[in-house]
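Dear colleague,

Please find the structure below, together with its sequence. My notes on it follow directly after.

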Amino acid sequence: MGHQQRGRFPFFVILAILPIYLFLWGLPEVAFGAPPAQVLVLQSYHQGYKWTDDITQGILQTFEHSGMSVQVHLEYMDTKKAPLKELEPQLVALYKKKYGPASFDLLLSADDNAFTFLMKHRETLFGDTPWVFCGVNYLEPTRLTKARNLTGVNEAADLWRGIDLALRLHPNTEKVYFVYDRTPTGARIEEHLEQILPNYQDQIEIVRLDRISMKDLEEVLSQAAQNSLVFYSFFFRDQQNQFFEYDESIQRVVNASPVPVYIAWDFSIGSGAVGGYLTSGIAQGEAAAQMGLRVLAGENASEIPPQLFSPNRYVFDYRALERFKIPMNLLPEGSTILNQPSTSYKIDRETFGIVVAGILAGLAILVMMIMLNLMRHRSQRLLKVSEARLRNMVEDLPAGAIYSDEETFSFNRAAEDWLGYARNEIDTFAQWRQTIFGPNYEETEALWRQEERYGFPRILRNLPIFDSNGGRHYCDLSVYQDEKRYVILLYDTTDRKETEEALTDSELRHRTLADSLPMNVFVKSSDLVYTFCNAAYASLLKLPPGQVLGKSDFDLHPPEQARWYQQSDKKVLSTREMVKQDEILVVRGQRRTIHTIKVPLPDREGGVAGVVGIFWDVTEERKAEQALREALAKVKQSKEQMDIILQTVSDGLIVSQRDGHVRVMNDAAQALYQKHLHTTGGDTIDEIFDGPLNAYLTKLYSEADPPMVADLKLKNGRRKKARILEARSNYLTEENDRRSGAVTLLREVTEERELVQLKNEFLSMAAHELRTPMTSVMGYSELLLENEFPEDQVREFIQEIYDSSQALDSLVGELLDVVRIESGRPIPMDLVPCELHSVLAKAVKQISLRYPDHNFQLISQEQPPEDVLADAGKMRQVIDNILSNAAKYSHKAGEIQVIEEAESSLYRVRINDNGIGMTNEQASRIFDRFYRAEQTEAKIPGLGIGMSIVKAIVDAHDGKLSVNSDPGEGTEVTVELPRQTSEKG
C-alpha cells in the first residue's frame, strides 16, 4: 500500500497543474499553405446505415488527428436497396461525368460491392490512382494478384470463436438457430459456416434460417425451446426480397426470441443481443485510413502488405447479460461491456486534499497571470520561477517523464538514465518514438494512433521499447495530450512482462508437445474431473478441447467404460504408483486393444493433485506382428513365383542398385535394348545403357528429389520420329529408410503420346472452326435485335445467319460421324440405286462459288450410269471433302479435274489437282483421324477429320478409296463404287 501512495502523489499533482503549464507553454499554431490531399471514399451502402457510418467515422477521425491536410469526398453506391448489377451502368456514367482519372490522390473503398466495382472500372474512371480497401469479407489474397497500386484490410467475422464462446457461456445448449440472408456477404457467411458447423453436428442441433421471410423468421424464433441459442450475422433482405435496415432487423429478431441472441458485427450491439466476438466498422475505417496516410506520405500501396487479420474484439451488452443471468466472470479477459451502470470513483481524504490544493494552486497562478498585464516585469520573474519549479518537480520524479510541444522536446533524468539516451541526442517527439520503439515502430505507432480515439488521459500497457544498447524493456505509458502537446509518464514493467511471457511460453510448449504426440494424453484432478486433454484425445471424443475440460468420464463415456477408467484412476491416487494395463475394448463397434499408462500428478506440498494418463491403440501393431510372421513364412515360396512373374511381364523391368549395378533385366527389357547381363554380380548402368535411360537411372541416386516417372526418347532406325518409352520407378529401401536400389518399368507409349497430341490439336482447331460461324450468327442476330434495317439488308443478314448455321451443321455432323467411328458404330446409310452425275455437278458448281480463283473441270461420259447403289447425301459429303482439300492445298488459279468413269461393274471418280502434294508417309496417314500434314498445319484451316470420314463412308458402300501424290506435283484421289448387278434386280 505504501508504494501505491508514493506513486499517486506526482500523478495527481501533475494532472492538477498540467493545464496551467500547457497554457503557459503554448505557442500560436503555424498554418501551412500546401494544398490538401484529395481522397475519394466510395461506400458500398447508404448514409445512415450504421456499419457504413462507423467506417466513415473511423476514416474521418484518423485523417483529422493525423496532422495532414486531407479533403475527403464521400460517394454512396446504395447497393443495399438495389443490386450492384442494376446500378453499375448508371454509377459508371455518373462518376465518369463528375470526376476524371487525375481527380484524386487516393481512393478508399468500403465493403465488397465497392471493391468489386473498382476492380472492374478503376482504370477507366480513375487511372492508376492508389487504392486502399476495407470491409472485404473473407479476403482471399489471390484476388489481389492482378491489381496494381492496391492494399487494404480484410473483414472476417470470426464465426468459430463467436460460436465457441456462446456454447461455453451456455453449456447445456441443445439447438442453435443460425440467421443470415442470401446477399453476396450472406453467401460468404454460408461458405464459412460450411467449414465450421461439422465440428458441432454431434453436439447440438443446427437450424439454418436463411431462405425465409421476416414474418416466418419471427414465428420460428418465438417458439425456440429453453436450451436454445440464436446466432445472428445479419438479415437485410428476406426471401420475399424485402429490405430491412440494420436496427429494424436485429430488433425484430431480439424481440421475437425468448432465448439469448449472439451477433457477429458491432452495429447490432445495443438492441438487446448479448454480444460476442464482433467485427468493428470503426476499426476497419481506422486501419484503412492509416494505410492511406502512408500512401499519401509517399509509399507505394502495393508495397504495404494487406492486413489479413480482421480487427475484431469481444463486446457485450450489460442489460442482456443481466436478463439471461450470464456471469461476467465467465467473459473473456479484456471484454468491453456496454450500458454498465456507472459507479462513483472514491479517493481517500489525503488524495482529495492534494487534488484540491493543486487546483487552488492553479487558480492562484491564473490570478497571477491576469496581474501580468499590470506588473509585466514582476510577472516575467514569477513565470520563470513557476516554470523552474514545475521542471524541477518533473525532473525529480522516480518515473520517466517526457514533455513535448511543436517547438521543444525534453525528458527527465529518470528517462535519460533508464534508456541511456542523452537529451541532446533526440530533438523531436516523433524522433523519440521512432528511436525507442525500434524494430516494432510501425506496429506500436499504429497502436498509438488507434488508441488516440479513446481520448486522454489514457494508459498504454506493456509497450516494448529499446534502450541505447538495443536492450528491450516493457513499460506502461500514462499519456496526456492536447492538440499540440504531450506529457507522458513511463513505468518499467519489464520484470512483470518477462514473467508473464515465461509462463505463457511454458504453457505453450507443454500444449504443443502434448498436441504433437500421436497418443491420447489427459490430466484429471483428484476428484477425477478433466483439467487437460491433447488434440488427439479431443478428436477421439469428437469434441473441441475446451468442451472436455470440467467433465468426468461419466459425462463422456458409457457407464461400464467410465467405471473401468475411474477404477484405475483411484488406484493411482491411493497407491501413488504407475499403472500399466492392456484391455480389449469396443471402440465404435470394433474390438480394439488399448495400452494405458497412468501416473500420479504431484502438487507443491508433496501430495497428489491428480492423474496424468496416456493411452494408444496397439491393435494394428499386434496385427502387423502377426502379418509379418505370416509374410516371412511365405517369402521362400513367393521368391520362386516372383522370378517367373518378372520374366513373363510384357513391359521391360530393370532392378538397379545405388552402387550403379544392374541386378535384374527381364526378357522384355533385354529385347528393348538388345543388352544382356554378363556377370553374376551385375553389370554397371554405364556398361549396359547409354543416352536417356542412363541419365534417368543416374538421377535416381544423384538427386535428392528426382523424377520417378519420365518419358525416354529412343532413336528408331529409319523412322524420323523417335520411339517413346515411359519409365516408372519406385525405390527399394533398407530398414533405416536408406535408398538401396530402384525398380524401373519400361513401357512403349509412342502411339499413345502421338494420339494425345493429335487429339489436343484437334480440340483446339475444332473450337476455332466452331467459333467462326457461331460468331457470325451471334453478330448478325445482335444487329437485328438492337437495330432496324431495310428489308433487303435484313434478308442479307438472315442469309448470312443461314449460311453460318449450315456451316455449323456440317461441322457438328462431321463431329458426330467421328464419334460414331470412334465408338465402332456404323455411319447410317440409305443405299438406293441413284445417278451420281448430278451429285458431282452440284458439288463442282458449289465449290466453284467458294473458290472462284481456282479452275474446276467436270469430265463425264456421254451417258453416266444410273444404277450405282449409294446414299446420295453421304456421297455429296465425300465429294465436298475431297474437292475442299484439293482447293485448300492448291495454289490460286490451280486446275482441279473431276473425272467420271464407268465400267461394267464399277463406277469411278478421280479428282486431280496440281497443288503442293504429299510425301509417301503423309499419304499413308491421310485417313488417320486428327492427322494434318506438318508443312501446312499453321496455314490451312480444318480439323483433320474429313478424310477419315470419307474413308468410313466409302467403306460403308463396299467401295475403295486410294490416294496417289508426290511433293510439288499434286494429288489424285480415286473413289470406286460397285454398280448394281442383274442379280439384285
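Beyond its neighbours within four places in sequence, S213 is in contact with D238, Q239 and Q240. This serine sits in the loop that links β7 (205-209) to α7 (214-222). With a relative accessible area of 5%, S213 falls under the 20% limit and is therefore classed as buried. Its side chain also makes a polar contact of 3.2 Å with the side chain of D216.

Please bear in mind that this is a predicted model. The average pLDDT of the protein is 79, and 79% of the residues score at least 70. Confidence is highest in strand β3 (residues 106-110), at a mean of 96, and lowest in helix α1 (residues 2-25), at 41. Residues 1-32 have a pLDDT below 50, although in the model this stretch has 47 contacts beyond near neighbours in sequence. Where pLDDT is low, the predicted coordinates should not be read in detail.

I also examined one pair of helices. The axes of helix α3 (residues 84-98) and helix α4 (residues 111-126) come within 11 Å and cross at roughly 40 degrees. The crossing of α3 past α4 is right-handed. On the α3 side, the residues involved are L84, E88, L91, V92, Y95 and K96; they meet N113, T116, F117, K120, H121, T124 and L125 of α4. Sorted by class, the contact between α3 and α4 comprises six nonpolar, four polar and three charged residues.

Yours sincerely

Note on methods: Residues are numbered from 1 along each chain as its sequence is written. This is a predicted model: local features need pLDDT of at least 70, side-chain atom pairs count only at pLDDT 80 or more; totals for chains, interfaces and linings use all residues. Side-chain values use heavy atoms; hydrogens and water are left out. Axes are lines fitted to C-alpha atoms, for helices over the stretch in contact, and angles run from 0 to 180 degrees between N-to-C directions. Helices (H or I, at least four residues) and strands (E, at least two) are DSSP runs, numbered from the N terminus. A crossing is left-handed if the near helix is turned anticlockwise from the far one by less than a right angle, and right-handed if clockwise. Contact means heavy atoms within 4.5 Å. Ala, Val, Leu, Ile, Met, Phe, Trp, Tyr, Cys and Pro count as nonpolar, Asp, Glu, Lys and Arg as charged, and the others, Gly among them, as polar. pLDDT is the predictor's confidence in each residue, from 0 to 100. Buried means under 20% relative accessible area, exposed over 50%, partly exposed in between (1.4 Å probe, protein chains only). A polar contact is a pair of N or O atoms within 3.5 Å; within protein, one must be able to donate a hydrogen and the other to accept it, and residues adjacent in sequence count only if both atoms are side-chain atoms.
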